[in-house]
Amino acid sequence: MIRERIPYGLLENIHSYLGFVLPPTVYVAGGFIRSYYLNELPKDMDLYFESEKYIDSMRTVLISWGFFQTKDSGNAITMVSDFPWDSLPRKVQLCKNHYGTLESILDTFDFTICQIGVDGDEIVKCDSFDSDFLDRVGRYNIGCAFTSLKRLEKYQGKEFRFSGPEIEKGIGIIRRIGG
């Protein structure tokens, strides 16, 4: 994994979306970050934690900022705000089942183009993120236990192409687990 200074615009987007500055025990990872690089509006923000004890604290903070809970799937608590961000509702996922360092969390993500997150004032990404992102190549992270055809289709719809070995690995995993 590579660590580098976060782009100022991305840090501003995170603070603007939430309405406050995140504490150092919370990571932002996945789609919100990727949307920034794709110049798209994010559909939500996934927050990950060093420890489960921080989830309830973050839920309380979000409620104080006008968010309300809409769902608890067992893996994540979904919080939504009636106050839009760039005309879209703000939705935050408090991810419950991934604890530890940001690097260990990103290691569980299915594709290299998803393995990016924010830790304080740093971006953390897999070694091939920049080249894969620029070349629009999706590579399957063989360390990931799960993906789905729907996710493959999602990234193909964003003009990422999956090369032979990566698509075969991904489809092999999907077939093994029946997804």
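I started at phenylalanine 129 and found it in helix H5 (residues 129-135). Helices here are DSSP runs of H or I of at least four residues, strands are E runs of at least two, and both are numbered from the N terminus.

The model is predicted: local features need pLDDT of at least 70, side-chain atom pairs count only at pLDDT 80 or more, and totals for chains, interfaces and linings use all residues. Residues are numbered from 1 along each chain as its sequence is written, and side-chain values use heavy atoms, with hydrogens and water left out.

I looked up the burial of phenylalanine 129: its relative accessible area is 1%, which makes it buried (under 20% relative accessible area; exposed is over 50%, partly exposed in between; 1.4 Å probe, protein chains only).

Next I listed its contacts (heavy atoms within 4.5 Å).

I then turned to helix H1 (residues 8-18), where Leu10, Leu11, Ile14, Tyr17 and Leu18 are buried. Viewed down the H1 axis, these residues fall within an arc of 130 degrees, so they line one face of the helix; the arc is that of the directions from the helix axis to the C-beta atoms. Glycine 19 follows H1 and has a positive phi, near 95 degrees.

Last, I noted the chain totals. The protein chain has 7 helices and 10 strands, and 46% of its 179 residues are buried. Of the contacts between residues at least 6 apart in sequence, 61% join residues at least 24 apart.
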